[in-house]
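Try each one before you read its solution.

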Amino acid sequence: MTTLEQQPQTAVRRPRVSLYALRVVLVLHAILIVAQPIAAGYFLSGNVDAMTTFHATIGGSVWMIAFLQTIVATLYTIVGRGRIWPAILSPVLVVAEFVQLTFGYLQNFAVHIPLGTAIVGTVLWMTVWSFRKSAHQNRQEAKK
């Protein structure tokens, strides 16, 4: 009579706490980013205070949220063994949002508006992705 030896199961390490932290930062980032075109719309509809009260204030601080996102995404990648691309894309967002801020103050709307649209799309895409099942997989599981 032969017995089947049971293979010792190794615990699969997946991002857990780092993913939750990334989700929190991404949701905060998404809320602030979506508020930007809304505030600009209020300004364009005649509410002059919307530009100085909301749009400029949020725009001046949103790149710092992207910097915090970079730190959390790096922890997600290194400690949580999550995907690598959020840790690469997040610092790109820091630079893009700082450039966005600069061109906004320079009133160069030929760069400011398309770059803002790209930033909004990227942050929303990352936020939605963070709640998908694939965000919870470690790098080895994602390759399969």
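**Exercise 1: ring pairs**

Count the aromatic pairs, taking rings of Phe, Tyr and Trp (its six-membered ring) as paired if their centres lie within 6.5 Å. The rule gives four aromatic pairs.

Now classify Trp63 and Phe98; planes under 30 degrees apart count as stacked, over 60 as edge-to-face and the rest as tilted. Their ring centres sit 5.5 Å apart with the planes at 80°, so this pair is edge-to-face. Helices here are DSSP runs (H or I, at least four residues), numbered from the N terminus.

One more step: which residues do ring pairs link into a cluster? They are Tyr76, Trp85, Trp125 and Trp129.

A word on the source: this is a predicted model, where local features need pLDDT of at least 70, side-chain atom pairs count only at pLDDT 80 or more, and totals for chains, interfaces and linings use all residues. Residues are numbered from 1 along each chain as its sequence is written, and side-chain values use heavy atoms, with hydrogens and water left out.

**Exercise 2: helix α1**

With 28 residues, α1 should span 40 Å, and its end C-alpha atoms are 41 Å apart, which agrees.

Then look just past α1: Gly46 has a positive phi of about 120°.

Definitions and conventions: Helices (H or I, at least four residues) and strands (E, at least two) are DSSP runs, numbered from the N terminus. The expected span of a helix is 1.5 Å times one less than its number of residues.
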